[in-house]
Amino acid sequence: IAILIIPLSLIVTRFFVTRSQKLFDTQQETLGELNGTITEMYGGFNEIILYNRQKMALDKFHDVNDRMRKASFRAQFASSLISPCISLITYLIIGSVAVTGCLFVMNGTLLLGNLQAFVRYIWQINDPLSQISQLSSQVQSAFAAMGRIFNLMDEEEYTILQKLYLGNYTYLELASELGVTKSALAMRVNRLKKRIQKQYEK
């Protein structure tokens with residue numbers, strides 16, 4: 001019975017991770033969109049004041065911020081369910097072992113001290129599982145962030161330039177499509193421009 005704690009914990013973890021990872025991806029996308037919006041507003045602050053667009057900029061910020069808040073809450077909530085579910089499995093296993101062990105103790109086939117030691121061993125198995133489950137949200141968030149970076153790296157270099165200069169994309173629109181911040185996209189474009197310039201100079 002005690003061995004069931006490991007496969008059951010893995011099944012529960014996989015169940016929640018496969019569903020919450022999509023939410024973490026959405027969280028990272030909205031975070032990148034929020035960073036891009038803040039950067040755009042900060043860089044165009046004078047234009048916003050000049051054309052009296054304060055309310056429009058504020059409404060846009062609140063919209064992006066609200067979507068990021070909801071996505072973050074859903075992702076963190078789904079991921080935080082892993083630890084209590086694993087604890088529930090542990091308690092059910094310990095209860096089953098205690099009931100079965102008490103029957104063996106009453107029959108004289110098992111000493112009470114051995115039963116107590118066995119329950120303690122189950123707790124020792126549960127400790128690393130609980131520690132790993134508590135880190136699941138940070139790990140999933142890191143994987144979602146790496147996915148955004150790899151999306152930018154996998155994008156064809158000249159495709160980025162074509163979308164910017166021939167496809168009527170703004171930096172913010174393209175950054176949102178690629179799932180990266182506006183500043184990260186700008187750095188990538190600047191590197192591409194320098195590389196193309198060096199090729200023409202040769």
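Which residues of H4 are buried? In this predicted model, the buried residues of H4 are Ile-82, Ser-83, Ile-86, Ile-89, Thr-90, Ile-93, Ile-94, Val-97 and Gly-101, where buried means under 20% relative accessible area, exposed means over 50%, and partly exposed lies in between, with a 1.4 Å probe and protein chains only. Because the model is predicted, local features need pLDDT of at least 70 and side-chain atom pairs count only at pLDDT 80 or more, while totals for chains, interfaces and linings use all residues. Residues are numbered from 1 along each chain as its sequence is written, and side-chain values use heavy atoms, with hydrogens and water left out.

**Overall make-up**

- The protein chain contains nine helices and zero strands, and along the sequence the pattern reads α-α-α-α-α-α-α-α-α; helices (H or I, at least four residues) and strands (E, at least two) are DSSP runs, numbered from the N terminus.
- Of the 202 residues in the protein chain, 32% are buried, and the chain exposes about 13,500 Å², of which carbon and sulfur atoms supply 64%, as computed by the Shrake-Rupley method with a 1.4 Å probe, where for residues only the protein chains shown count as cover.
- Among contacts (heavy atoms within 4.5 Å) with a separation of 6 or more, 76% are between residues 24 or more positions apart.

- Helix H3 covers residues 54–80, and its 27 residues reach 38 Å from the first C-alpha to the last, close to the 39 Å expected at 1.5 Å a residue; the expected span is 1.5 Å times one less than the number of residues.
- The buried residues in H3 are Ala-57, Val-64, Met-68, Ala-71, Ser-72, Ala-75, Ala-78 and Ser-79.
- H4 has 26 residues and reaches 38 Å from its first C-alpha to its last, close to the expected 38 Å, and the residue that follows H4 is Gly-108, whose phi is positive, near 85°.

- Thr-90 is located in helix H4 (residues 82–107) and is buried, with a relative accessible area of 1%; when residues up to four places away in sequence are not counted, Thr-90 touches Ile-5, Trp-123 and Asn-126.
- Thr-30 belongs to helix H1 (residues 5–43) and counts as buried at 7% relative accessibility; with residues up to four places away in sequence again left out, Thr-30 touches Val-64, Arg-67, Met-68 and Ala-71.
- Ser-130, in helix H5, is buried with a relative accessible area of 12%, and although Ser-130 and Ser-9 are 121 residues apart in sequence, their C-alpha atoms are 9.6 Å apart in space.

**Salt bridges**

- There are five salt bridges, a salt bridge being a side-chain nitrogen of Lys or Arg within 4 Å of a carboxyl oxygen of Asp or Glu.
- Arg-67 forms a salt bridge with Glu-33, with the closest N and O atoms 2.8 Å apart; Arg-67 lies in helix H3 and Glu-33 in helix H1, so this pair ties together parts that are 34 residues apart in sequence.
- Arg-67 is partly exposed at 32% relative accessibility, as is Glu-33 at 22%, and a network of salt bridges links Glu-33, Asp-63 and Arg-67.
- Asp-59 and Lys-55 meet through their side chains in a salt bridge of 3.1 Å, N to O, and because they are four residues apart in helix H3, about one helical turn separates them.
- Asp-66 and Arg-69 form a salt bridge of 2.5 Å, N to O, and being three residues apart in helix H3, they are also separated by about one helical turn.

**Aromatic pairs**

- The count of aromatic pairs is two, where rings of Phe, Tyr and Trp (its six-membered ring) pair if their centres lie within 6.5 Å, and planes under 30 degrees apart count as stacked, over 60 as edge-to-face and the rest as tilted.
- Phe-15 and Phe-16 form an edge-to-face pair, at 5.3 Å centre to centre with 85° between the planes; Phe-15 is partly exposed at 42% relative accessibility, whereas Phe-16 is buried at 16%.
- Phe-73 and Phe-77 form a stacked pair, at 6.0 Å centre to centre with 20° between the planes, and Phe-73 is exposed at 57% relative accessibility, whereas Phe-77 is partly exposed at 46%.
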